[in-house]
Every structure is written in C-alpha cells, then in structure tokens.
Amino acid sequence: MFFEQIPSQWLIIGSSVIAVVMGSIVMTVRMKAAKKPATAKKIILPPLFMSTGALMFVFEYFRVPPMQIIEAVGVGLLFSTVLIWTSKFEIKDGDIYLKQSKAFIFILIGLLILRLIAKMILSSTIDIGELSGMFWLLAFGMIVPWRIAMLLQFNKLKKTQLHQAL
C-alpha cells in the first residue's frame with residue numbers, strides 16, 4: 001500500500017502539521033461564527049462533513065481494534081464535555097449568537113497540544129495508520145456530542161425566543 005512505503009516519521013510529522021492547520025482553521029471559523037447569527041444548519045453541518053472521514057476505514061491500514069475504538073471514543077466524549085461547557089448562546093438584536101469565550105481558544109490549543117503529545121508517545125507502540133484511525137474516532141466522538149448539546153441549547157433558546165414574541 002502507498003502509506004506503507006512512506007517512513008512513519010514523515011507520516012507523524014505530516015499528520016501533526018495537518019492537525020495544527022485544522023486546529024487553526026477551527027479557531028478562525030469559530031471566531032468568525034460568533035459575529036453572525038447561529039442557525040441549526042451551521043451547528044449540524046460540521047459533524048456531517050467530518051463523517052466523510054470514516055471512509056478511511058475502507059482501507060485495512062486505518063482500521064482500529066474494538067478495544068481501541070472504545071478508548072478513542074471514550075476520550076472524545078470526555079473532551080466534548082469541556083467544549084460543551086464553553087459553548088453558550090445568547091440573544092442579541094432578536095437573533096441567537098454563539099457567545100465568544102476566551103477559554104474556548106485556550107481549550108482548543110490545549111487539546112491540540114495534548115493530541116500532538118499523545119501522537120508522539122503512542123506512535124512508538126501503535127501503527128501510524130491505526131493511530132490515525134483512533135484520532136479520527138476521538139475527534140468524531142468529541143464533535144458529535146458537542147454539536148448535539150449545542151443544537152439542544154440553540155433549540156431551547158429559539159423556543160424561549162418564540163414564546164417571548166407571543
């Protein structure tokens with residue numbers, strides 16, 4: 001397979017650079033999103049777009065054993081609680097906005113650093129393809145509950161807003 005021909009150090013470096021770039025994009029998008037009204041569509045779409053990454057598991061190289069699936073998703077669920085805690089909405093000028101949280105950026109940076117350190121440590125004992133699959137599962141296990149919690153909070157605030165309008 002193509003990936004097996006690339007030295008694992010280069011794969012680790014490459015995937016770490018991609019993680020930093022993606023983390024930067026998430027932070028930028030989050031800061032811009034706070035300036036525009038939130039919608040259910042904007043909350044739901046990121047996990048749907050990310051779900052296409054599951055296609056990586058079509059290839060044997062990225063498949064993860066069941067116990068490691070449980071571990072990765074469990075860590076993702078744990079991390080999602082921090083994101084849920086820092087994501088709040090408010091009503092401004094008749095629209096619902098995501099409140100900007102200074103803690104959110106630091107939490108994202110902290111999670112990114114933790115991810116990079118974990119990848120360096122785990123890459124010595126876990127195959128890089130399998131590790132990539134685990135980190136995708138961790139991220140998906142983090143974003144889905146976070147976005148569900150955001151959607152529930154958004155809908156509750158929307159309902160409150162409609163009741164106040166009556």
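Modeller: The model is predicted. One cut-off comes up at once: a residue is buried under 20% relative accessible area, exposed over 50%, and partly exposed in between.

Biologist: Why is Gln-68 called buried?

Modeller: Gln-68 has a relative accessibility of 16%, and the limit for buried is under 20%, so Gln-68 counts as buried. Gln-68 lies in helix α3. Leaving aside residues up to four places away in sequence, Gln-68 touches Ile-126, Glu-130 and Met-134.

Biologist: Which residues of α3 are buried?

Modeller: They are Gln-68, Ala-72, Gly-76, Phe-79, Ser-80, Leu-83 and Thr-86. As for its length, α3 has 21 residues and reaches 31 Å from its first C-alpha to its last, close to the 30 Å expected at 1.5 Å a residue.

Biologist: Which residues touch the most other members of the largest nonpolar core?

Modeller: Phe-57, Leu-83 and Phe-89 do, in a core of 34 residues. Two or more residues of this core come from each of α1 (8-33), α3 (66-86), β2 (95-98), α4 (102-122) and α5 (128-165). The largest share, 13 residues, is from α5. Phe-57 itself touches Phe-62, Arg-63, Val-64, Gly-133, Trp-136 and Leu-137, not counting residues up to four places away in sequence.

Biologist: What makes Glu-60 and Arg-63 a salt bridge?

Modeller: The closest N and O atoms of Glu-60 and Arg-63 are 2.7 Å apart. The rule asks for a Lys or Arg side-chain nitrogen within 4 Å of an Asp or Glu carboxyl oxygen, so this pair qualifies. Glu-60 is exposed because its relative accessible area is 57%, with the limit at over 50%. Arg-63, at 37%, counts as partly exposed.

Biologist: How many salt bridges does this rule give?

Modeller: The count is 2. Glu-90 also forms a salt bridge with Lys-92, their closest N and O atoms being 3.8 Å apart. That value is within 4 Å, so the pair meets the rule. Glu-90 is partly exposed at 26% relative accessibility, and Lys-92 is partly exposed at 37%.

Biologist: What makes the phi of Asp-93 worth a remark?

Modeller: Phi of Asp-93 is near 50°, a positive value in a residue other than glycine. Most residues other than glycine have a negative phi. Asp-93 sits in the loop between β1 (89-92) and β2. With a relative accessible area of 78%, Asp-93 is called exposed, because the cut-off is over 50%.

Biologist: Is Met-22 buried, exposed or partly exposed?

Modeller: Met-22 has a relative accessible area of 48%. Met-22 is in helix α1.

Key
Residues numbered from 1 in each chain as written. Predicted model: local features only at pLDDT ≥ 70, side-chain atom pairs only at ≥ 80, totals over all residues. Heavy atoms only, no water. Core = buried A, V, L, I, M, F, W, Y, C linked by side-chain atoms within 4.5 Å. Buried < 20%, exposed > 50% of the residue type's maximum accessible area, 1.4 Å probe, protein only. Helix = DSSP H or I, 4+ residues; strand = E, 2+ residues; numbered from the N terminus. Contact = heavy atoms within 4.5 Å. Expected span 1.5 Å × (residues − 1).
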